[in-house]
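Please read them with the structure open beside you.

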Amino acid sequence: MDIVQLCEVGMLVSFGASWPFNIIKSWHSKTAKGKSLLFELIVVFGYTIGLLGKLIAWNRTGVWAYSIWFYIADIAMVLIDMCLYFRNAAFDRRTEHNRL
């Protein structure tokens, strides 16, 4: 792994380190209030574009970048948080319905 890949992995690990905390908070809060689905969609799009670039480079050069695994892990964590958004939005709807 060269310094460029090491820097990229460092960036992905830094960004990815926040998602477990966000997932835990989403799980325990049971509310979608304060969350932005659009933000998470944009993040997944960005990670996917980065992953696509690595896969294209691998196809052209035959060189497998280790950072691919970090892109996949980060995408998976954001998708988990997005699933929790929908679960929590359902909780919010039920809570609002019960108030009426």
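1. Which residues in helix 1 meet which residues in helix 4? In this predicted model, E8, V9, L12, V13 and G16 are the residues on the helix 1 side, and they meet S67, F70, Y71, D74 and M77 in helix 4. By class, this contact has 6 nonpolar, 2 polar and 2 charged residues.

2. As for the geometry of that pair, the axes of helix 1, which covers residues 3-16, and helix 4 come within 9 Å and cross at roughly 15°. Because angles under 35 degrees count as roughly parallel, helix 1 is described as roughly parallel to helix 4, and the crossing is left-handed.

3. Helix 2 and helix 4 also have axes that come within 9 Å, with a crossing of roughly 15°, and helix 2 is therefore roughly parallel to helix 4. This crossing, too, is left-handed. On the helix 2 side the contact is made by W19, P20, N22, I23, S26, W27 and S29, while helix 4 supplies M77, V78, I80, D81, L84, R87 and N88. These residues divide into 8 nonpolar, 4 polar and 2 charged.

4. L51 deserves a look of its own: leaving aside its neighbours within four places in sequence, L51 is in contact with I68, Y71, I72 and I75.

Technical notes
Residues numbered from 1 in each chain as written. Predicted model: local features only at pLDDT ≥ 70, side-chain atom pairs only at ≥ 80, totals over all residues. Heavy atoms only, no water. Contact = heavy atoms within 4.5 Å. Axes fitted to C-alpha atoms, helices over the stretch in contact; angles between N-to-C directions. Helix = DSSP H or I, 4+ residues; strand = E, 2+ residues; numbered from the N terminus. Parallel < 35°, antiparallel > 145°, perpendicular 65-115°, else oblique. Left-handed = near helix turned anticlockwise from the far one by under 90°. Nonpolar A, V, L, I, M, F, W, Y, C, P; charged D, E, K, R; others polar.
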